[in-house]
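Take a look at the model below. Keep it in view while you read, and find each residue as it comes up.

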Amino acid sequence: MRKVLIIEDELAIAELEKDYLELSDFSVDIETNGQSGCKRALESDYDIFILDLMLPDMDGFNICKEIRSKKNTPILLVSARKEDIDKIRGLGLGADDYITKPFSPSELVARVKAHLARYDRLIGSAAAQKNDVIQIREIRIDVTARRVWVRGEEVPFTTKEFELLVFLASHPNRVFSKQEIFQEIWDMESVGDIATVTVHIKKIREKLELNSNKPQYVETIWGVGYRFRV
Ligand code: CA
């Protein structure tokens with residue numbers, strides 16, 4: 001069950017939020033005081049925080065900053081004042097979203113669900129990348145550690161060579177034109193030109209292939225481009 005912490009001094013509002021969230025199978029705790037809310041947020045594990053900005057004893061902005069300095073847990077800010085929205089944006093507090101009072105409880109629940117789904121995707125892709133090892137015949141690429149083994153021997157690659165290798169090897173058997181490769185690996189930096197692709201392909205082949213003139217991994221498809229053969 002996903003856990004939500006509501007930090008809100010108006011108990012009636014907090015209870016209403018809690019009722020709706022529980023209907024959607026969330027487990028919900030309420031803190032009506034800023035100091036204790038902040039402490040609990042930092043010490044216990046929750047999946048999302050719903051944080052009211054106007055609290056009597058501690059500013060919600062500070063609580064948000066405090067939580068964000070220690071945790072990546074999504075934070076949904078609640079404000080009664082439209083002008084707070086500008087402040088939220090201006091401060092760059094690292095809040096994931098905000099909602100202004102009055103709001104419908106079902107809107108709140110929808111926002112909470114959307115944020116959890118987004119957060120799950122983020123964590124999921126990070127976790128997937130963690131063990132990202134590409135093995136194609138005698139080539140082994142540890143994407144996270146940025147290391148490459150060719151026929152059992154580790155071979156050093158420059159950053160760009162590595163990026164190009166990973167790009168091609170993670171789309172095996174697909175043909176990419178030089179233009180596509182250049183855009184993917186170099187275009188953001190707007191340095192070099194398309195000829196750099198040819199140069200890097202040559203270097204990668206020298207490292208991977210037994211015979212660069214008869215490549216078994218990075219093949220040239222004449223008139224089209226290159227592909228990593230499986
Ligand atoms: Ca309040």
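The paragraphs below go from the whole chain to single residues.

This is a predicted model, in which local features need pLDDT of at least 70 and side-chain atom pairs count only at pLDDT 80 or more, while totals for chains, interfaces and linings use all residues. Residues are numbered from 1 along each chain as its sequence is written, and side-chain values use heavy atoms, with hydrogens and water left out.

Start with the whole chain. It has eight helices and eleven strands. Helices (H or I, at least four residues) and strands (E, at least two) are DSSP runs, numbered from the N terminus. The chain has 230 residues, and 40% of them are buried. Buried means under 20% relative accessible area, exposed means over 50%, and partly exposed lies in between (1.4 Å probe, protein chains only). The chain exposes about 12,600 Å². Carbon and sulfur atoms supply 50% of that area. Accessible areas come from the Shrake-Rupley method with a 1.4 Å probe, and for residues only the protein chains shown count as cover. Now consider contacts, meaning heavy atoms within 4.5 Å. Among contacts in the chain with a separation of 6 or more, 53% join residues 24 or more positions apart.

Next, find helix 2, residues 34-43. Which of its residues are buried? They are Gly34, Gly37, Cys38 and Ala41. These residues cover an arc of only 95 degrees around the axis, so they sit on the same side of helix 2. The arc is that of the directions from the helix axis to the C-beta atoms. Turn to the face that points away from the buried side of helix 2. There you find the exposed residues Lys39 and Glu43. What covers the buried residues of helix 2? The cover includes strand 1 (3-7), strand 2 (27-31), strand 3 (48-52) and helix 3 (60-70).

A disulfide is a covalent bond between the sulfur atoms of two cysteines. Here the term stands for a pair of cysteine sulfur atoms within 2.5 Å. How many disulfides does the structure hold? It holds zero. Take Cys38: its closest cysteine sulfur, in Cys64, is 10.0 Å away, so the two are too far apart for a bond. Cys38 is buried, at 5% relative accessibility. Cys64 is buried as well, at 0%.

Now look at the surface. Leu16, Tyr20 and Leu23 form a nonpolar patch there. Together they have about 310 Å² of accessible area. Patches are made of residues with over 30% relative accessible area and no salt bridge; like charges are joined within 9 Å, and nonpolar side chains (Val, Leu, Ile, Met, Phe, Trp, Tyr) within 5 Å. Leu23 belongs to helix 1 (residues 11-23). It counts as exposed because its relative accessibility is 70%.

Charged side chains come next. Side chains of opposite charge can pair when their charged atoms come close. A salt bridge is a side-chain nitrogen of Lys or Arg within 4 Å of a carboxyl oxygen of Asp or Glu. By this rule there are 17 salt bridges.

One of them joins Arg2 and Asp47, with the closest N and O atoms 3.5 Å apart. Arg2 lies in the segment before strand 1 and Asp47 in the loop between helix 2 and strand 3, so the pair ties together parts that are 45 residues apart in sequence. Arg2 is partly exposed at 29%. Asp47 is partly exposed at 24%.

Another salt bridge joins Glu163 and Lys160, at 3.2 Å from N to O. Both sit in helix 6 (residues 159-169), three residues apart, so about one helical turn separates them. Glu163 is partly exposed at 28%, whereas Lys160 is buried at 16%.

Arg229 forms a salt bridge with Glu219, with the closest N and O atoms 3.2 Å apart. Arg229 is in the segment after strand 11 (225-228), and Glu219 is in strand 10 (residues 218-221). Arg229 is partly exposed at 27%, while Glu219 is buried at 14%.

Salt bridges can also be followed through a network, which links Glu8, Glu10, Asp52 and Lys101. Ser79 is found in strand 4 (residues 75-79) and is buried, at 2% relative accessibility. Leaving aside neighbours within four places in sequence, Ser79 is in contact with Leu53, Asp84, Ile99, Thr100 and Lys101.
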